[in-house]
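Biologist: Could you walk me through this model one question at a time, and give the cut-off behind each term as you come to it?

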Amino acid sequence: MKKLLITLLVCMPLAVLAQNDWELADEPKPEPEKVNPDQKYLEGAVPEVDGKVVFHTVINAPGKSADAIYEILLNYIDRMTKAKNEFENSRVVLSDPEKHEIAAYFQEWLVFKSAALSLDRTRLNFQLLVTCRDEAANVKMTRISYLYDTERKPTAYTAEDWITDKYCVNKKHTKLLPLSGKFRRKTIDRKDFIFNKFNTLLNEKK
């Protein structure tokens, strides 16, 4: 009997050490950290230059000349103006092959929610300004404004008095305000799509 007890005592630490993750299933697990869905849209996500909202990026295009970059972006921007969500006013207003500059005006639908019996959208207006040089393109999205609720009670907003930190982010800088917040999210998403598309086009390997 004594020998049996000694044997059990000797084996107990080994049994404890033999525990694996799946053997501890009954132990409480820490809850995953909650991610703020508004994180990428919070303070600083809408930059201002001299009091105007200006989204700006420089897209590198290694090995491509200013002429090549200009042609690639001009062709795509021209196609953008003819997309199905664009108004007739969307157009390329400047294309200078010598200075490698492009300017385009867009008037398009920005959809917040689309359902069988509900369509929530705004008319979005903005300008794209592009300057090309060897191996890079300087791109700006600016002069952003909105015309909301066009079917019932049209209301006009400018980006400066609607989606900036001052008017759109709460005092604790932890979330966006309900109404203006949806404009800010979708505008940033649209900007990201355009800038990312330009980057893809200029860095495609043929």
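Biologist: In which strand is Gln 107 found?
Modeller: This is a predicted model, in which local features need pLDDT of at least 70, side-chain atom pairs count only at pLDDT 80 or more, and totals for chains, interfaces and linings use all residues. Residues are numbered from 1 along each chain as its sequence is written, and side-chain values use heavy atoms, with hydrogens and water left out. Strands are DSSP runs of E with at least two residues, helices are runs of H or I with at least four, and both are numbered from the N terminus. Gln 107 falls within residues 101-115, which form strand 4.

Biologist: Is Gln 107 buried or exposed?
Modeller: Buried means under 20% relative accessible area, exposed means over 50%, and partly exposed lies in between, using a 1.4 Å probe and protein chains only. Because the relative accessibility of Gln 107 is 8%, this residue counts as buried.

Biologist: Which side chain does the side chain of Gln 107 join in a polar contact?
Modeller: A polar contact is a pair of N or O atoms within 3.5 Å, where within protein one must be able to donate a hydrogen and the other to accept it, and residues adjacent in sequence count only if both atoms are side-chain atoms. Contact in the wider sense means heavy atoms within 4.5 Å, and, not counting residues up to four places away in sequence, Gln 107 touches residues including Asn 85, Phe 87, Arg 123 and Asn 125. The polar contact from the side chain of Gln 107, at 3.3 Å, is with that of Asn 125.

Biologist: Where does Thr 187 lie, and what is the length of the polar contact between its side chain and that of Tyr 146?
Modeller: Thr 187 lies in helix 4, residues 178-202, and counts as buried because its relative accessibility is 0%. Leaving out residues up to four places away in sequence, Thr 187 touches Phe 55, Leu 110, Ile 144, Tyr 146 and Ile 163. The polar contact between the side chains of Thr 187 and Tyr 146 comes to 2.7 Å.

Biologist: What distance separates the C-alpha atoms of Ala 137 and Leu 73?
Modeller: Ala 137 is found in strand 6, residues 136-148, and is buried because its relative accessible area is 0%. Beyond residues up to four places away in sequence, Ala 137 touches residues including Val 58, Ile 69, Leu 73, Cys 132 and Leu 202. Ala 137 and Leu 73 are 64 residues apart along the chain, and their C-alpha atoms are separated by 9.1 Å.

Biologist: How many disulfides does the count come to?
Modeller: A disulfide is taken here as a pair of cysteine sulfur atoms within 2.5 Å. Cys 132 is buried, at a relative accessible area of 5%, and Cys 168 also counts as buried, at 0% relative accessibility. By the sulfur distance rule, the number of disulfides is 0.

Biologist: Which strand gives the largest share of the lining of the largest pocket?
Modeller: The lining of the largest pocket includes Trp 109, Asp 120, Arg 121, Tyr 148 and Glu 151. The elements that give two or more residues to this lining are strand 5 (118-133) and strand 6. The largest share, 4 residues, comes from strand 5.

Biologist: How many helices and strands does the protein chain have?
Modeller: Along the sequence, the pattern is α-β-β-α-β-β-β-β-β-α-α. Of the 206 residues, 36% count as buried. The secondary structure comes to 4 helices and 7 strands.

Technical notes: 1 Å grid on protein atoms, 1.4 Å probe; cavity = no way out; pocket = protein on both sides within 12 Å on 5 of 7 lines; lining within 4 Å.
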